[in-house]
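User: Hello! Could you give me a close look at one chain of this model, and then link what you find to the rest of the assembly? I would enjoy one connected account.

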Amino acid sequence: MTEKILEVKNMKTSFYTHVGEVQAVRGVSFHLDKGEALGIVGESGSGKSVTSMSVMRLLQYPGTIKEGEVFFKGEDLVKKSKAEMMSVRGNQIAMIFQDPMTSLNPVYTIGNQIMEAVIRHQKVSKAEARERAIDMLKLVGIPSPETRVDNYPHEFSGGMRQRAMIAIALSCQPDLLIADEPTTALDVTIQAQILELLKDLKKKVNTSIILITHDLGVVADVCSRIIVMYGGLIMEEGRAEDIFYEPLHPYTMGLLKSIPRLDLGHKQRLVPIPGSPPDLIKPPKGCPFAARCPYAMKICLEHQPGYYERKPGHKAACWLYHQDAPTWELDTGVRRVKG
Amino acid sequence: MGKYIIRRLISMIITLVFVASITFFLMHAVPGGPFQSEKALPEAVIQALNEKYHLDDPLWKQYLDYMKGVFTFQLGPSFKRVGTTVNDLIIAGFPYSAKLGFFATLAIVALGIPAGIISALKSNKWQDYLVTILATVGVAVPSFVIGALFIYVFSSKLGWLPSFGLTSWKHYIGPVIALSGFSLAFVARLTRSSVLEVMQQDYIRTARAKGLPEIVVIVKHALKNALIPVVTYLGPMIAAMMTGSFIVEKIFAIPGMGKYFVESVSSRDYTVLMGTTIFYAAFSITMIFVVDIAYGFIDPRIKLGD
Ligand SMILES: Nc1ncnc2c1ncn2[C@@H]1O[C@H](COP(=O)(O)OP(=O)(O)O)[C@@H](O)[C@H]1O
Ligand code: SF4
Ligand SMILES: [Mg+2]
């Protein structure tokens, strides 16, 4: 029996802005097993970052978790005090962000920024923390870490900075690492290196990982299970093979069609999903994807679909799987060509 | 670092040469001479005076003599105060201006920066509104109004504080408020906007994600970055504070540099006018240099090495 490290139950997060309540996350439930790597995928604005910031309790004014529970190792993080959360953040749950160029403080050395987390959470001396910082830099593949530890962020390239961010995140051996678009700001070859590193580290340090990205191509290699988000809701959830080869939700199919294909080179035609994401101040009352869905039916506009489970662990929120729905020839976007 | 300092010193000297030259030629381009007045002096007297002060020499010679004076710190005799040199006037006036400027600077740094920080951290709360209102008033109301109001209320009406001179600590209150008012308000606003901007940066989120307490996030991660633009402003501002505001010195009857500067303008005392201008310029240039060095310590991205 696998142990659940994280279990999010019906979490809703809103931003109370002057133009109205932005319902960024409208009730998501998912879990993560110990040692597992979960991908959260969805177009920009679908609520992925807000989901992760909610789990970390890092939301800033005017954002709040208005409902739901976030169980981490059996304890509800939503109920924890600020001080209790501080000893969770950076220690048991760590996070890395999209833009390594701006995520490190320009006026402190890399070493200082790694040591800071270690000293904060563990009873170690400054010298020991420095040793740890050097070890971490070595672990994430920074050459000559003994001298690099005293460099400032501007002396590191983008890829190296993201490695340094990973070093900070892993410095206290967290149980969970959340990586929010860790490769989006990097160029393609560096992207591949960082993903390779994450995969490698997952084995070495035995951390559970949540990898967030708008690009399904990124999660394919690293994650065993995938959640597809749209309009602040989970549209589909399943094992990576399910999502890539037997997608259920028309939105997932749309995402699959928009993955750049290496095998086709420049001749490929990317098919972005036409239309734009829903307004989260007045979210649609039915399926959030209805306005862009080629199969939308009358009921889709009226009622939010529940989850239909096709096989254990693979489910989608779509009326097409209701027993009374008409049968369609679905353009799934699945490609069997591999390698 | 050493190389950088030498390079900077050279460029400072060049800047000073420019300032001194422009001042010199502007003075000579202005019609009218120092010995013109309503009461016409006899031709012979003017002749004698011109000779005495070398005003008959060709312009290039006067210029070279003057530049030599500037670089040997001999700014020449005053045309109007017989027997006094410009150096004497600066030595007499600068200590007053400098002391006043020092306290004004202290007030600006010790009050303006914390006010800006509080305002930013409590943005849109009453503390922020209070600071914003005070700062707007401070920026909008000119120093002579603050000074005059101060004298009216605290000296004439209430009789609590003296209205002129600089002999006791009480004498400093009015002039320091009048002198620092604008910059204090400006620094508070600058600090506020800078802190607000820095608090939105990604590295602040990173610091929070490490589990650091908010106070460490603010003091360690935000302030060091947020104060960079403030330090930039402080350099030339300190120079301006220390060399005296003629308005404030006039209102509070303080015998500082500003007083001599103003008098030299109205009396066409050219050497005093040029001398005080160049002194001010030299002081400013030096302060900017000091700030640039300080920069190197705050911001590692700025390389002073090459
Ligand atoms: N601070 C905020 N104030 C108001 N709305 C926000 C804020 N942060 C995020 N949102 C909104 O929440 C929604 C989800 O954003 P996000 O989670 O960042 O999307 P993504 O899936 O691209 O990470 C977006 O519509 C965004 O506009
Ligand atoms: S519920 Fe309806 S609109 Fe939504 S994805 Fe399914 S078919 Fe399309
Ligand atoms: Mg995001």
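Analyst: Happy to! Chain B has 306 residues, and 44% of them count as buried. Please keep in mind that this is a predicted model, with an ipTM of 0.93 and a pTM of 0.87. For chain B the mean pLDDT is 88, and 96% of its residues reach 70 or more. Within chain B, helix 8 (residues 202-209) has the highest confidence, at a mean of 97, while helix 2 (residues 43-52) has the lowest, at 77.

Now to the fold. The secondary structure of chain B consists of 12 helices and 0 strands, so the pattern read along the sequence is α-α-α-α-α-α-α-α-α-α-α-α. The C-alpha trace of chain B spans about 85 × 60 × 30 Å along its principal axes. Among contacts in chain B with a separation of 6 or more, 74% come from residues 24 or more positions apart. As for the surface, chain B exposes about 15800 Å², and carbon and sulfur atoms supply 72% of that area.

Two residues let us look inside. T105(B) sits in helix 4 (residues 86-121) of chain B. Its relative accessible area is 10%, and because the cut-off for buried is under 20%, T105(B) is classed as buried. Once neighbours within four places in sequence are set aside, T105(B) is in contact with M237(B), I238(B) and M241(B).

Next comes S245(B), which belongs to the loop between helix 9 (214-242) and helix 10 (246-251) of chain B. With 18% relative accessibility, S245(B) also falls under 20% and therefore counts as buried.

A backbone N or O atom of G45(A) is 2.7 Å from an oxygen atom of ligand 1, and for G47(A) a backbone N or O atom is 3.1 Å from an oxygen atom of the ligand. S49(A) instead uses a polar side-chain atom, 2.7 Å from an oxygen atom of ligand 1. Ligand 1 taken alone exposes 560 Å², and the protein buries 65% of that.

A last stop is S14(A), a residue of strand 1 of chain A. S14(A) has 0% relative accessibility, which is under 20%, so S14(A) counts as buried. Not counting residues up to four places away in sequence, S14(A) touches E21(A), V22(A), Q23(A), A24(A), P62(A), G63(A), T64(A) and K66(A). With E21(A), the side chain of S14(A) makes a polar contact, side chain to side chain, at 2.6 Å. S14(A) and I65(A), which are 51 residues apart in sequence, are 6.6 Å apart in space from C-alpha to C-alpha.

Terms used
Residues are numbered from 1 along each chain as its sequence is written. Chains are lettered from A and ligands numbered from 1 in the order in which they are written. This is a predicted model: local features need pLDDT of at least 70, side-chain atom pairs count only at pLDDT 80 or more; totals for chains, interfaces and linings use all residues. Side-chain values use heavy atoms; hydrogens and water are left out. A polar contact is a pair of N or O atoms within 3.5 Å; within protein, one must be able to donate a hydrogen and the other to accept it, and residues adjacent in sequence count only if both atoms are side-chain atoms. Accessible areas come from the Shrake-Rupley method with a 1.4 Å probe; for residues, only the protein chains shown count as cover. pLDDT is the predictor's confidence in each residue, from 0 to 100. Helices (H or I, at least four residues) and strands (E, at least two) are DSSP runs, numbered from the N terminus. Buried means under 20% relative accessible area, exposed over 50%, partly exposed in between (1.4 Å probe, protein chains only). Contact means heavy atoms within 4.5 Å.
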